[in-house]
Amino acid sequence: MRSTPMKAPLDHPGWQLIPGQLIGMALLLLVALGLGSMLITAGGLDLSTVFNSRYLRGVVWFTVWQATLSVLVSLALALPISRALARYRRFPGRSALLRVMELSLVLPTIVAVSGIIGVYGRQGWVTGLLTEWFPGNGWNLYGLNGILLAHIFFNAPLAARVMLQSLEAVPPSRLRIASQLGLRGWWLWRSVEWPALRPVLPGLSALVFTLCFTSFAIIMTLGGGPAATTLEVAIYQALRFEFDFPQAAVLAVIQLLICGSLWWLVFRQRLETSLLPNRQLSHRVPLKPWPTQAVLSGILLLAFSLFLLLPLLAISIRGLPALLTLNTGASIYEQLLPATGRSLLIALPAGLGSVAASLMILASANKTTNPILKAIPTTTGYLPLIVPPIVLGTGLFLLLRPSLGNHAQGWVLVALINSLMALPFVIQVLRGPLNSQDSHSLRVADQLGILGWYRWRRIFWPLLRRPMALGLAYGIALSMGDFGVIALFGSPGQPTLPVLLYQQLSSYQVSAAAGTGLWLLVLLVSIFGLLSAIGRPPAHQREAIFPETTLEPEHA
């Protein structure tokens, strides 16, 4: 008698297709509800109210202007940095510099701002030197100066890292031919470097523009007044202080139109967009440099390293005494520990949710060939780029405000929006390893009946273990550093760590703010270190799990 083989758990194809579709449709519904409530609140969507107001016209203009300027300066700085890193591989500390550059994506904005104030503020290190060397120079951190400086601090490393990845992906054969032909300077740029960078520049510009356009914490702390107000800050003020819901809705619609149009152009042209740097591809560049090129590259990289490290050093030097001083330690930790608990209460579900949703979205997109079913999870993964979190939060705030009664409901909503906000980055981390499994191995698994849960456990889990830990770290870090959404839904009396830091900076509690910034920084580093250790496979399995051709994301 022939026995019927036992079915593997979760082996039905629907388990790979349906959850991702349901998540995609649920998120689309969530966004539709938020945008719908916003449009209803905005009434007839009379944009003339904005353009008839001098203040609101100025807000829209300044938002676009500072974002455009930030993109231009960030990319202009990132270009020589990436070329120097690609050519000058013997720069001492090159690997550490790359790790610091990768931190720019997850470093909480409010923490970096506190470090920038410590270096370039009124009592800052660099400001003191400038005042001594150039009395009456008129430097003021607050306003467009500070906004640009902070945006460059965050976006120039990210742009340089992505550009470096493109330069290192140039085939060695092309570099060898360029070396044999003796190409240098303009001709090397025109024939080798520009073709490598050109595909990523439009998507990278759109990404940096969106990050600067939707900047909130930087404008709140360094804006310096109504003349340097952006759409995000104006929406926040209209909701929380003026209770002018129609105006907030109209401003959110304008923000959505600008960001959505930009990303619609990017996706329509199928332009390459890299949100995260992947693993560094290691091959030497056999090119003949100019005699002075190594010296100039070294000076440039040294200056850039100081630009990135000085604010972090300021946080450490000023924050450590605040955390270690016994006399004031009790009062500091009385605020820090509850705020840490609230931050983790929001960030852990947000990180777990973003990883789980990303896996289901990717599985669903890979499982189907139907263009409509494929478009639902694919579009969902990039929703936060098209619909900024503050716009979605505004819509949900307007939708739920009559019944949004207690803090717990607000925190659930914040965790949900933070989870959605992390989706594009977590998907980028998981997509490569998930799709790296070759079709031959999968066919062999089919023949052996390794399906469902066993297929996941034996084939995909070893490949995804470490990327999932990295994606979880990204999700938690992005949520813990969030200041925009929590400022909308949170309570000043029960702050999370970023809100507590903002309150301390606003009330000129410099020492306490430095301690909170260092505490948050150490917490994030610990989370990355812990998850990196958990996600690392045993040593005897590494070679078998990660072949040389597998792109495995690394992080700091």
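Predicted model: local features only at pLDDT ≥ 70, side-chain atom pairs only at ≥ 80, totals over all residues.
The lining of the largest pocket comprises 14 nonpolar, six polar and five charged residues. The chain has 556 residues, of which 52% count as buried. A search of the whole structure also finds eight cavities of 30 Å³ or more.

**Largest pocket**

- The space in the largest pocket amounts to about 900 Å³.
- Its lining consists of 25 residues, and those nearest the centre are Trp15, Gln16, Ala363, Trp456 and Phe460.
- At least two lining residues come from each of α1 (14-41), α15 (326-367), α19, α20 (439-447) and α21.
- The greatest contribution is that of α15, which supplies six residues to the lining of the largest pocket.

**Second largest pocket**

- The second largest pocket holds about 720 Å³ of space.
- It is lined by 34 residues, with Ile117, Tyr142, Thr221, Leu505 and Tyr508 closest to its centre.
- Two or more residues of this lining are given by each of α5 (109-120), α11, α12 (231-240), α14 (293-324), α23 (497-506) and α24 (510-535).
- By class, the lining of the second largest pocket divides into 17 nonpolar, 15 polar and two charged residues.

**Largest cavity**

- The largest cavity has a volume of about 770 Å³.
- Thr109, Leu211, Thr214, Met421 and Leu478 are the closest to its centre among the 35 residues that line it.
- The elements giving two or more residues to this lining are α7 (144-168), α10 (201-213), α11 (217-222), α17 (383-386), α18 (389-400), α19 (407-435), α21 (452-480) and α22 (484-489).
- The lining of the largest cavity contains 24 nonpolar, nine polar and two charged residues.
- Helices α19 and α21 each give two or more residues to the lining of the largest cavity, and each also supplies at least two to the lining of the largest pocket.
- Helix α11 gives two or more residues to the lining of the largest cavity and likewise to that of the second largest pocket.

**Core, contacts and surface**

- The largest nonpolar core has 165 residues, and Met101 and Met480 are those with the most contacts inside it.
- Leaving aside residues up to four places away in sequence, Met101 touches Ile81, Leu85, Pro157, Leu158, Ala160, Arg161, Phe304 and Leu308.
- Among contacts in the protein chain with a separation of 6 or more, 83% involve residues 24 or more positions apart.
- The accessible surface of the protein chain is about 26000 Å², and carbon and sulfur atoms account for 65% of that area.

Note on methods
Residues numbered from 1 in each chain as written. Heavy atoms only, no water. Core = buried A, V, L, I, M, F, W, Y, C linked by side-chain atoms within 4.5 Å. Buried < 20%, exposed > 50% of the residue type's maximum accessible area, 1.4 Å probe, protein only. Contact = heavy atoms within 4.5 Å. 1 Å grid on protein atoms, 1.4 Å probe; cavity = no way out; pocket = protein on both sides within 12 Å on 5 of 7 lines; lining within 4 Å. Points joined across faces, edges and corners; volume = space filled by probe spheres on them. Helix = DSSP H or I, 4+ residues; strand = E, 2+ residues; numbered from the N terminus. Nonpolar A, V, L, I, M, F, W, Y, C, P; charged D, E, K, R; others polar. Areas by Shrake-Rupley, 256 points an atom, 1.4 Å probe, with all protein chains shown as cover.
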